[in-house]
Amino acid sequence: MSRSSSVEDLPEQCKDLFTQDGVLLKACLGRPVTDLNSIGMLCIVQNQDNSKTIEWRPNDLITIDSDTQDQEWAVVNTIGRRQRTLSGNITSDYATARARIIKIPIEELKTFRVTRNNQQMQFSTKPGVWQTTFYFQHGNAEIFVAYLKNHVKTAKTRHDRNTYVVVEPNIESQVLNKSFAELDIFTENTTDVVWNLVSNFKQRPYETTMEAFSKLTDIVYYGNEGMNGKRDVSEEVVDLLTKSMNAMEEATTVTKSDEYEVISVKPTLPPRPSIPRGTPLSPEKWWALQDTEGRITEVEGVKQLIFRGGVAHSIRQCVWKYLLDYHPWHMTSAELKALTKKKTEEYFAMKLQWRSMTEGQEARFSEYRDRKSLVEKDVNRTDRTHPFFAGDNNPNLVILQDILLTYVMYNFDLGYVQGMSDILAPLLLLLGNEVDSFWCFVGFMDKIASNFDMDQAGMKHQLLQLQQLLTFASPELANHLAQKDSGNMYFCFRWLLVWFKREFSHRDIMRLWEVLWTSLPCANFHLLICVAILDAEKDILISKDYGFTEILKHVNDLSMCLDVDKILSTAEGIFHQIMSAPHLTDQIRIILGLPPMSTSTSSHSGSDAPTTSKSETNGTKEDQRTGMFGQDMDEDTLEYNGLQICIVTKTVWALLA
Amino acid sequence: MAKTYDYLFKLLLIGDSGVGKTSILFRFSEDAFNISFISTIGIDFKIRTIDLDGKKVKLQIWDTAGQERFRTITTAYYRGSMGIMLVYDVTNEKSFENIKNWIRNIEENASADVEKMILGNKCDLEAKRQVSKERGEQLAVEYQIKFIETSAKDSLNVESAFYTLARDIKAKMEKKQKEASNPAGARSGAHQIRANEQQRKPTSWLSRCSLL
């Protein structure tokens, strides 16, 4: 059977990144009417010089063959609505047909819009003129838009949400860096913080209090040149806390008597506090945290800051090595240098193990061969739309593969499991260095190794815990899911396996991961992230009475539509709701890494602060390892009016003592 | 909800990692091909409604992760599927050998009367071929399953594969429906029960199907 694909007919140097069939040319400036209304395929093509072009090719360039493929089946062709786009014979009109190809260089593209219910798409390279109009037979222009958006940065216009303006024709990684820098806006001085707190707490008592706590951490750690030492701050803290607590009491009373009444027989959670996110850990703060020999001091405080606002992009390369346990916090610069040397040698020794394998050895080593083949398959389809991994013979793909194969030698029993390449890609993208990326990957894998168990026990356990948390935090939704045969939470599998990697952009996943790596404010906070996302969808899922399949679809389709800061804030709010619930069960306490009630010792710390009690937590494995600040991490709980606020930082309370 | 179809068929794509399950599905549901696909984690599905002998047939096609480790999760979705596409890659011998394992997997987890079909994908890559068409045909004869070689990239045989599978399911279902309306043929099978319910309460077809 002789066949030839459309791609092979074209000159070698161009490559189709994406093709969509069933697209009619409806209008094109400067083309004869005879060219219009013919069917073809719309493509995104990468040229030899790496520039990209949107190309429309008429079908008669590539088609024409009869439906021989159907004859083997002897079925009556009822397909009808679709045109064959494939074929065999190249007609003598080939050259003429070639001339009918329409090319729009992406660099020149100014705007495009989608109209008529996803059936029509128009492109413009000049403001005010739609030069080309295409009609999508299957009404699926949104698919093309989605792929086009991988190659251009767009913004929607204010007056028409179907029109996209091309902001930047070729998405480059610098765009990310720039926006990170823009985010890093930590300019407030301490006097402002105090003043704002006083003026705000009347209107927003809870938020103001929480905000104050985060800002106070800053004051304590990062200097307040205007004041003389900690004593001044501590007096202010006491004062502010007392005021804000009073305000909270007032607000609570008003809410109860005037605004609404809640009548419920089931135990419900206290209202969800809205907790603002902080600003990212800035380079200035980070460098100020190192002692003269390069050790990181105040580890818990650093983690607090990262939990609250993430890390400024410019220092991620450095900070991530600590968060992922590659660099121990307490090491001096000299020790780190020695460690790096040792780890580099260790890495290359492991790499040499597979690099030096002969073909014959490999042929007789099926277990290695199988792992290698899985790695190769996945490397070729990991984040290829990102400029860092795009294109053929991209050297970064080779590094990605080398690290994964070396990891196979590092942990042969675990080997390679799908999802690992997703975990590694952002690390390599950020760190750029093979050895650093490998050891950070090892650190990340240590945190989530159970996700990749052969029997998937770790995943099943987490899905069960998620179901239990949801039942506690959002019983109505949990009940709906159970009724719809979705109580096993399998539809959250992808979220958990790769820690939401498929749900967010690279920029957002970096933020989410670094926050989660702090292991604050409790164990399994990533499960509360799931609860937060689901809780936001609760009304849709329940009111539309979504069943088994719709639930899965809806959840899968949330990918790239989630707001990372909002979710983090909601998840923390849910954490506080759960912690202050009077009916908090041991089952939930254990999931969150708290000791069960029966063994919990609730002794007063002896601090002078009123209404505080202090209970020890066993923390997570992570916290126990970092012993800089104390033997383990203390959790202080401030109880007020039935509402408990957990402050994980010791320093604030130390000030009150 | 207005009924926009006469039948709903749940289909499933299974096979080794990287054989092109997602590409086949994307070709069929969107008539498009993307050079940089990503691996499937967990499970997803797509819908396309086709016309079969004047009946509107809604195909709900489930796409699964191929790696063996995830089978405990993915097999949970086998339930209720009426047709299964077993996919291998003609440029990958191992994926072809594994078809036997996948068939065993179906026998353990799917209903006994599920319609099956074997697809040898990536047949556009002639230069890299490791499995001849004859071997594919031979395997199909051995298991008495229909077989066709496909190319998601070149849009070759993808449409006809799904149409064939859907047609076979429809024929089987209508036969059972007929038997059911005949008192002699007593209730004997999942499809028949579904068919009855569908006749009585067409609007609840979707929810019932997903519960079964």
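Select helix 24 of chain A, residues 548-556, where the buried residues are F548(A), T549(A), I551(A), L552(A) and V555(A); a residue is called buried if 20 or more other C-beta atoms lie within 10 Å of its own, exposed if 12 or fewer, and partly exposed in between, with C-beta atoms placed from the backbone. Looking down the axis of helix 24 of chain A, you will find these buried residues within an arc of 165 degrees, so they line one face of the helix, the arc being that of the directions from the helix axis to the C-beta atoms. Helices (H or I, at least four residues) and strands (E, at least two) are DSSP runs, numbered from the N terminus.

Because this is a predicted model, local features need pLDDT of at least 70 and side-chain atom pairs count only at pLDDT 80 or more, while totals for chains, interfaces and linings use all residues. Residues are numbered from 1 along each chain as its sequence is written, and chains are lettered from A and ligands numbered from 1 in the order in which they are written.

Now show the whole of chain A, which has 28 helices and 13 strands, and in which buried residues make up 38% of the 657 residues.

Next, select helix 19 (residues 457-473) and helix 20 (residues 475-483) of chain A, which pack at an angle of about 130 degrees with their axes 5 Å apart; axes are lines fitted to C-alpha atoms, for helices over the stretch in contact, and angles run from 0 to 180 degrees between N-to-C directions. That angle makes helix 19 of chain A oblique to helix 20 of chain A, since angles under 35 degrees count as roughly parallel, over 145 as roughly antiparallel, 65 to 115 as roughly perpendicular and the rest as oblique. Here Q467(A), L470(A) and T471(A) in helix 19 meet P475(A), L477(A) and A478(A) in helix 20, two residues being in contact if their C-beta atoms, placed from the backbone, lie within 7 Å.

Move on to A390(A), in the loop between helix 15 (366-379) and helix 16 (395-410) of chain A. A390(A) is partly exposed, with 19 other C-beta atoms within 10 Å, and, not counting residues up to four places away in sequence, A390(A) touches R384(A) and T385(A). The C-alpha atoms of A390(A) and N380(A), ten residues apart along the chain, are separated by 9.8 Å.

Then bring in chain B and colour the contact between the chains, which takes 39 residues from chain B and 45 residues from chain A. On the side of chain B that touches chain A, helix 6 of chain B gives the most, with five residues. Across this boundary, strand 1 (residues 15-28) of chain A and strand 2 of chain B pair in the antiparallel sense over three bridges, where two strands pair if DSSP finds at least two bridges between them. Within this region, F18(A) stands opposite N34(B) in strand 2 of chain B.

Finish inside chain B, at an open sheet of six strands with the order 3-4-1-5-6-7 and mixed pairing. The edge strands are strand 3 and strand 7 (146-149) of chain B, each pairing on one side only, and the twist averages 25 degrees from one strand to the next. Strand 3 of chain B and strand 4 (residues 55-64) of chain B pair in the antiparallel sense over ten bridges; in strand 4 of chain B, the bridge partner of I50(B) is V57(B) and that of L52(B) is K55(B). Their hairpin has two residues between the strands, and in this hairpin D53(B) takes a positive phi near 45 degrees.
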